[in-house]
Amino acid sequence: VMPDEVLASQRDLVNLLQRNLGVPAAEFETKYMAPIRRAAAIVNLLPATREQHHASAGGLFRFCLTMAVKAAQSAEGRIFAANEAIE
């Protein structure tokens, strides 16, 4: 399956991620969509688990997007700098 098809199947989560990040569409496209497309190409229709959660075709990609949304929600607009302490 083509990565764009995998991506289209999870458009609801991609849109939710964009809303949670609160960035303009152009910025979201340039900063976030390239890694999301790469993830869709790499994991394609793999399930996340054999028999548990996200076990259907494309489950691993959906799980990745779900975790991205949860991370964006948890960050609550905070910016984490790579060279600073976690606190």
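Mentor: Helices (H or I, at least four residues) and strands (E, at least two) are DSSP runs, numbered from the N terminus. This is a predicted model, in which local features need pLDDT of at least 70, side-chain atom pairs count only at pLDDT 80 or more, and totals for chains, interfaces and linings use all residues. Residues are numbered from 1 along each chain as its sequence is written, and side-chain values use heavy atoms, with hydrogens and water left out.

Trainee: How many helices and strands are there in the chain?

Mentor: Along the sequence the pattern reads α-α-α-α-α. The chain therefore holds, by the DSSP runs defined above, five helices and zero strands.

Trainee: Why does the distance between the end C-alpha atoms of helix 5 agree with its length?

Mentor: Helix 5 covers residues 59-75, which is 17 residues. The expected span is 1.5 Å times one less than the number of residues.

Trainee: Against which helices do the buried residues of helix 5 pack?

Mentor: Buried means under 20% relative accessible area, exposed over 50%, and partly exposed in between (1.4 Å probe, protein chains only). The buried residues of helix 5 include Phe61, Leu65 and Val69. Their packing partners are helix 1 (3-9), helix 2 (11-21) and helix 4 (33-43).

Trainee: Is Pro47 buried or partly exposed?

Mentor: Pro47 lies in the loop between helix 4 and helix 5. With a relative accessible area of 37%, Pro47 is partly exposed.

Key. Contact = heavy atoms within 4.5 Å.
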